[in-house]
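Colleague: Could you go through this one with me? I have a few quick things to ask.

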Amino acid sequence: MLRKSTISFLLLLLLLIHPLFLPKAFSTQSGYVFPLALSNWKGTGNIESKPEKNNGKQSILLWQPLHQSAYLKSTSIPTDWRFYDEIEMTLQSNKATHSWINILLCDKKNAVASTYIEIDFTGEKVFHLSTKGQFPSFSRSNTVDWNQMVFFAFESHSIANLDIDELQLTIKKIKIQKTNTKNTYPKTDLSSNQKKSLFFAPIFFEIIEKNQEKMVHNTLQNIEKMAQEANLAKTPTPENLFYWTLHQKLHKKSMDFSYQNRSVVLFQKSYWESLLRQNDILIQENGLFFLLTYDLIQADLRYNAASEEKFTAILQFLAEIEFNQCQYWINTYPYGQGNNHVTRAASFLAILAYYHHDLVRRNMYYQFAQQVLDYYFAFQIDQEGSLNEGTHYYIYLMEILSYYGYFEWYAHQRNILKDFSYSPKLNNMTHWAEAIRMPNGFLPAVDDAWQTRVIFPIRLISPLLDDKTRGNFISTCQDSTNLTGNFPWNFGKPLYMPLFLFSVDETFEVSSPNENPSRIFFQENQVVFKKDWSFQSSYIFFIGKQTPSLHEHDDTAQIQIFANQIPILLDSGYGPAGWSSKQRNYYISGSAHNVVTIDSHGPKANYNGSIGPTDKSSILDSYLAPSMQYVSMNISRNVLFRDTNWERTVFYIPESENSPFYCVVLDKLSSSKEHLYECIFHPNGEVVRVKDDTVVFQKNVREQNETIHIILQSLQPRKVELKKGYYSPYWGEEYGSSYVCYSDRAKQSSFSTMITSTNKPSSVSVSQVLNPSNSFQNEYAFTVNQQENSFMDFLFKNPDRKLVQGSWISSNGAVAYIRKENGSNKILSFVSIRSSFLNLQKTPLYYAQNNIDYLYFSSINSLYDYFLEYESFALSNRIYLNLFDISKVLLDNKEVEFDNSSGGISFSLPPGKHYVLLFQKGEV
């Protein structure tokens, strides 16, 4: 009979067969170079082989697929691939067609491993494809017999085949080889002290008992209620078991195992298998309650071997389930490197490994979980912290990841935000969630998500944060429907209560960040405009697309707006039943978002692992100033409308003490063919007026006892109509809605829309002043009124950056914004981008010898008369300002010489970024 240790060793060997853990066995073969002679290849399309220019003895292969599903195949390959882990390919493309080419590996039983490359390059490019990493991410490569390989092939994709008839690939080299890359995941073995209660050490109960915070008291009352409900449950759940047990511990009662006897179903594998059949998320949530119960009573179980054996048997079974779930998501999720399911499963597996009695297997599970997290976080989170799934999935991820964070903190004194290879991305993700949050504290809708109630309270991992008060700020929200004050509704979620109790010894003080509340994430093309960090701030979320996501909607370059303490420009949401929603096709369509559609099609997305290129975006220009902020974005429509170019610019004028906020959305479209362009906006509430180019919606806000008016005004004549859609604010909720559609049928067209909102329409307004000559299309003027205050705003965009003499503004810059006070005509502020002069109504505001990259001027401050901030790359420059009666000029707090003249004052500008204070005569 085999000994137990021998069985464990054999099981470990079986598990290591998985490609991610194929041992780096020694091989005398340094690699194999595929012959590229025509005799070694066959396929469809045009195939040609010729000598390589620099080495006539070697061949290169030329392939024109010409059509979808064309192939190029070679059987001149090694049979045994066990010792190779990388394919190196040197390819040359005649054109960046953005078509996809599949790479196929097939064994003698026709089991195929595959991945793909995108032809997004012109000229030569070298690819390094991991057979043990990349290929398992796209197909069931664990079923491939790597000792019986038959052929290697290229295949033009059946769907992602843009301009495939124009593509010519030159294959210069294909080599399979063994790399010496070391695994980057931590090699530390788990602690061997399995009897130590990690989450509920004795000090935990001491801290809870001494804490006097009201929120802690309320949480303990909720635990009392949950314990009472658990006691009444006919069929206890893992949640019931945990809270009944925690209740006993908090009251220092001796452990009574009778409740566990009532919970006999939880110690049967069939119970957990049934949860898995419903959804693997249920395994993690219920499994955590079960694990926490075991951790809570480990000391008591020392005297009850039978109960301990029942617990550990299930925990080991759960570890097996999560290991298999990792493999499932790794090997079956189509065309994506995993999703939140695989990293959730790996996070839970790492914790479960600690409680496994088999020392060999427990360390193997832990190592495996670390490798999965290291590999897949590299794809799921970009360098700026943006998650590649909907914001709703950020919550799902953080729920389990937070428990894993405490596990590492308690077991190994390691911080998941600092001490792992993926820590910088996780840390940046917390700041990303902070930056994009709406003023009410909830996250905006990104892809499969809702615009309301979506938040993960980051203070639940307070011990891991450097700035505890900032973490508390991220967790606050303004929601009159919740019962936990300024904390979100899910703060009292049963799964979150233990996390909250783990952090009760941290501060409850709240402080907002010091940096600019507006933020641009250039890598993912996400833009946040905010006045400040308060609940009352206005807010714009302008989102493009760069990285392939897993829950995408057709919404590249959509905007969402929040003001007057409510969302005023909506994302239609996820749908009342998620993927199963009856109107699912609508929710993912361009019509459900604030975008421009072309012939009724929104920017094409890569929804839920479907295949093909997406319509990506790129930020062309941006600037953030206190008085005006803007971003210009180009959106490719390569999937369906390669002949069409779309540029969207969003201007944000934040509110001040004396004026309301508003934004201007400029869309410019051009094509060689005629199209129907539709510019779509989804205001919150009910439509009350459509007159000429202005549409007014109103939203009755019962909690605030006021009515918000949302105003959209087309700044140029366009056909306007209301269309019917749907709005899903949260799970289980769906309402019929109306949305605004401005349209134009043309080859070249543009839309210009001003959007604002107010709760006092009789005294607060923003309205367009018609251009008297209409000599320059991208020049706009607005009257801005609030109570007795009245201003005139001028907005100027010069896409060609040539000298322009407009009706109001003259400049050679890219963008300009000016605000003057009506009545006095005093210039309050202006912004100029990449210009050397700026005039308002033929009166110069400034001019310079050389271009200034940006310049911001303000005359609104109680401490000094004028403020100027600029950035200039000219080595020498001199500026002339239309200011008089100036006594002193401070550049970076140092007094500088200046000249007075009939045109104002002038002084030299050193290169770089600087600020200038100017004081009038008579100032102290």
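Colleague: Is lysine 545 buried or exposed?

Modeller: Lysine 545 counts as buried, because its relative accessibility is 5%, where buried means under 20% relative accessible area, exposed over 50% and partly exposed in between, with a 1.4 Å probe and protein chains only. Please keep in mind that this is a predicted model, in which local features need pLDDT of at least 70 and side-chain atom pairs count only at pLDDT 80 or more, while totals for chains, interfaces and linings use all residues. Residues are numbered from 1 along each chain as its sequence is written, and side-chain values use heavy atoms, with hydrogens and water left out.

Colleague: And which residue does lysine 545 meet in a salt bridge?

Modeller: Its partner is aspartate 555, at 3.0 Å from N to O, a salt bridge being a side-chain nitrogen of Lys or Arg within 4 Å of a carboxyl oxygen of Asp or Glu. Both residues lie in the loop between strand 14 (539-543) and strand 15 (558-563), so the pair ties together parts that are 10 residues apart in sequence; strands here are DSSP runs (E, at least two residues) and helices are DSSP runs too (H or I, at least four), numbered from the N terminus. Aspartate 555 is buried as well, with a relative accessible area of 4%.

Colleague: How many salt bridges does the structure hold?

Modeller: The structure holds 27, among them one between aspartate 300 and lysine 249, whose closest N and O atoms are 2.7 Å apart. Aspartate 300 lies in helix 8 (residues 298-301) and lysine 249 in helix 4 (residues 238-250), so this pair ties together parts that are 51 residues apart in sequence. There is also a network of salt bridges that links Lys95, Asp163, Glu166 and Arg642.

Colleague: Changing topic, where is serine 49?

Modeller: Serine 49 is in strand 3 (residues 46-52), and it counts as partly exposed because its relative accessibility is 24%.

Colleague: What lies 3.1 Å from a polar atom of its side chain?

Modeller: That is the backbone oxygen of leucine 36, while the backbone oxygen of isoleucine 60 lies 3.4 Å from a polar atom of the serine 49 side chain.

Colleague: Last one, how many helices and strands are there in the protein?

Modeller: The protein has 16 helices and 43 strands, and buried residues make up 60% of its 924 residues. Its C-alpha atoms fill a box of roughly 105 × 85 × 60 Å along the principal axes.

Technical notes:
A polar contact is a pair of N or O atoms within 3.5 Å; within protein, one must be able to donate a hydrogen and the other to accept it, and residues adjacent in sequence count only if both atoms are side-chain atoms.
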